[in-house]
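Dear colleague,

Please find below the structure that I am handing over to you. My notes on what was found in it follow directly after.

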Amino acid sequence: MSRKALWAVLGLVAGTTPALAHPGHGEAFGFGAGLSHPLGGLDHMLAMVAVGLLAGQIGGRAIWALPLAFLLMMIAGGALGMAGVELPFVEIAIALSVFAFGAAIALRLGMPTALAALLVGGFAIFHGHAHGAEMPAETSAFGYAAGFLAATAFLHAVGVGASLGVARLATPRLAQAAGGGVALAGLVLLAKLV
């Protein structure tokens with residue numbers, strides 16, 4: 001990862017706050033609203049970058065299978081949210097996803113790709129539901145969904161790139177340390193919700 005890309009990612013992370021991705025933060029429309037939703041909340045950002053880190057750590061088919069599983073299941077969850085279907089414990093599941101993804105990276109579990117895709121896809125339903133349920137009423141569902149999918153794919157790519165870069169330039173222990181930090185952030189998020 002180039003220095004410019006690293007600074008751009010750090011700037012995005014530094015500009016977020018834990019709850020800005022949730023209702024009551026001003027009006028936004030269409031693609032821009034969807035794009036800003038995952039980028040505006042630390043919980044979503046950490047989970048989505050962690051999916052990329054985990055995919056890069058597992059390697060092989062996981063590099064595309066995990067992000068794809070997340071995106072597809074996030075679409076399903078988003079459709080449920082847009083339709084007004086209630087899911088229990090959405091915020092807790094999102095915080096738990098941050099912990100689970102971080103722990104999987106930190107512990108270097110070596111999960112088979114199918115199991116890892118099932119893990120990320122299961123949690124993606126809750127991330128998608130949060131996005132869909134909080135879509136502004138005045139906006140196009142297609143534009144909004146395209147926005148949150150683009151932001152999510154970008155965050156996954158950042159994670160994969162960082163994971164592969166660390167593996168080439170440093171030690172896998174650095175990725176594990178990052179996973180530990182993500183898991184700790186997930187515990188903090190969970191503690192605020194329970």
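In these notes, a residue is called buried when its relative accessible area is under 20%, exposed when that area is over 50%, and partly exposed in between, with a 1.4 Å probe and protein chains only. Helices (H or I, at least four residues) and strands (E, at least two) are DSSP runs numbered from the N terminus. The model is a predicted one, in which local features need pLDDT of at least 70 and side-chain atom pairs count only at pLDDT 80 or more, while totals for chains, interfaces and linings use all residues. Residues are numbered from 1 along each chain as its sequence is written, and side-chain values use heavy atoms, with hydrogens and water left out.

Overall picture

The protein has eight helices and zero strands, so that its elements, read from the N terminus, run α-α-α-α-α-α-α-α. Of its 194 residues, 45% are buried. Contact here means heavy atoms within 4.5 Å. Among contacts between residues at least 6 apart in sequence, 83% join residues at least 24 apart. The protein exposes about 9200 Å², of which carbon and sulfur atoms supply 74%; accessible areas come from the Shrake-Rupley method with a 1.4 Å probe, and for residues only the protein chains shown count as cover.

Helix H5

Helix H5 covers residues 90-106. Its 17 residues reach 24 Å from the first C-alpha to the last, close to the 24 Å expected at 1.5 Å a residue; the expected span is 1.5 Å times one less than the number of residues. Twelve of the 17 residues of H5 are buried, so this helix is largely enclosed by the rest of the structure. The buried residues of H5 include Val-90, Ile-94, Val-98, Phe-101 and Ile-105. What covers the buried residues of H5 includes H3, helix H4 (62-82), helix H6 (113-133) and H8. H5 is followed by Arg-108, whose phi is positive, near 45°.

Helix H3 spans residues 42-58. At 1.5 Å a residue its 17 residues should span 24 Å, and its end C-alpha atoms are 24 Å apart, which agrees. In H3, 14 of the 17 residues are buried, so H3 is largely enclosed by the rest of the structure. Within this helix lies His-44, which is buried with a relative accessible area of 0%. The side chain of His-44 makes a polar contact of 2.8 Å with the side chain of His-127. A polar contact is a pair of N or O atoms within 3.5 Å; within protein, one must be able to donate a hydrogen and the other to accept it, and residues adjacent in sequence count only if both atoms are side-chain atoms. Gly-59, with a positive phi near 80°, follows H3.

H4 has 21 residues and reaches 29 Å between its first and last C-alpha, close to the 30 Å expected. Among its buried residues are Leu-66, Phe-70, Met-74 and Gly-78. H4 is followed by Gly-84, whose phi is positive, near 85°. Met-82, also in H4, is partly exposed, with a relative accessible area of 29%. Met-82 and Ala-141 are 59 residues apart in sequence, yet 7.9 Å apart in space, C-alpha to C-alpha.

The nonpolar core

A nonpolar core is a set of buried Ala, Val, Leu, Ile, Met, Phe, Trp, Tyr and Cys residues joined through side-chain atoms within 4.5 Å. The largest one holds 36 residues, of which Leu-54, Leu-66, Phe-70, Met-74, Phe-101 and Val-120 touch the most other members. The elements that give two or more residues to this core are H3, H4, H5, H6, helix H7 (141-169) and H8. H3 supplies the largest share, nine residues. Not counting residues up to four places away in sequence, Leu-54 touches Leu-66, Ala-104, Ile-105, Met-111 and Val-120.

Phe-142 is placed in helix H7 and counts as exposed, at 70% relative accessibility. Phe-142 and Phe-31 are 111 residues apart in sequence and 8.1 Å apart in space, C-alpha to C-alpha.

Gln-176 is in helix H8 (residues 172-193) and is buried, at 13% relative accessibility. A polar contact of 2.8 Å joins its side chain to that of Arg-173. Leaving aside neighbours within four places in sequence, Gln-176 is in contact with Gln-57, Ile-105, Ala-106, Leu-107 and Arg-108.

With kind regards
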